[in-house]
Amino acid sequence: MNPIVFWRSRRRAVAALVTCLALYLGLAASDSLAQPTPVSMCMNIATSGSYQLTQNMGPGTLSCIEIDADYVTLDLNGFAIHGPSNFAGISATGDGIVIRNGSVSGFNSFGIGVLGSATIEDVHVYGNGHGVSITSHSI
């Protein structure tokens with residue numbers, strides 16, 4: 001085989017591989033930069049992902065926000081979830097739950113109740129029957 005043809009073919013193969021890798025990394029980066037799902041009313045979250053409140057909310061028929069999935073980030077976005085209700089303000093069952101940046105008050109049960117692992121950041125929990133309960137791993 002002619003050495004020039006061999007190197008040209010190899011260079012094209014490497015260029016194609018680099019292009020595919022760049023496209024893949026670009027798609028992966030855009031997925032991680034996806035906007036959070038807006039939340040404007042009490043709801044059940046059953047899919048992993050990022051969610052963000054768009055307004056103050058209060059009470060739902062059970063817990064205002066019920067999380068039934070792993071790896072959910074709920075950004076309260078500075079807003080409040082408030083009772084009265086006999087249930088928790090936010091209840092979650094799953095691992096890798098992150099709740100941040102807001103307040104939860106006025107619930108006769110827990111402000112935040114998690115069965116699984118969770119991180120709670122910059123959340124003011126007050127005036128509830130109990131504050132925060134995480135049954136499993138870490139705060």
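Me: Which residues touch the most other members of the largest nonpolar core?
Reply: Among the 25 residues of that core, they are Ile-65, Ile-67, Leu-74, Leu-76, Ile-81, Ile-90 and Ile-99. A nonpolar core is a set of buried Ala, Val, Leu, Ile, Met, Phe, Trp, Tyr and Cys residues joined through side-chain atoms within 4.5 Å. The model is predicted, so local features need pLDDT of at least 70 and side-chain atom pairs pLDDT 80 or more, while totals for chains, interfaces and linings use all residues. Residues are numbered from 1 along each chain as its sequence is written, and side-chain values use heavy atoms, without hydrogens and water.

Me: Which strand supplies the largest share of this core?
Reply: Strand 7 does, with 6 residues. Strands are DSSP runs of E, at least two residues long, numbered from the N terminus.

Me: Why is the pair Cys-42 and Cys-64 called a disulfide?
Reply: The term requires two cysteine sulfur atoms within 2.5 Å. The sulfur atoms of Cys-42 and Cys-64 are 2.1 Å apart, so the pair qualifies. The pair links distant parts of the chain, 22 residues apart: Cys-42 lies in the loop between strand 1 (37-39) and strand 2 (43-45), and Cys-64 in the loop between strand 3 (49-53) and strand 4 (65-67).

Me: Why is Cys-64 called buried?
Reply: Buried means under 20% relative accessible area, exposed over 50%, and partly exposed in between, with a 1.4 Å probe and protein chains only. Cys-64 has 1% relative accessibility and therefore counts as buried.

Me: What makes Cys-42 partly exposed?
Reply: Its relative accessibility is 22%, so Cys-42 falls in the partly exposed range.

Technical notes. Helices (H or I, at least four residues) and strands (E, at least two) are DSSP runs, numbered from the N terminus.
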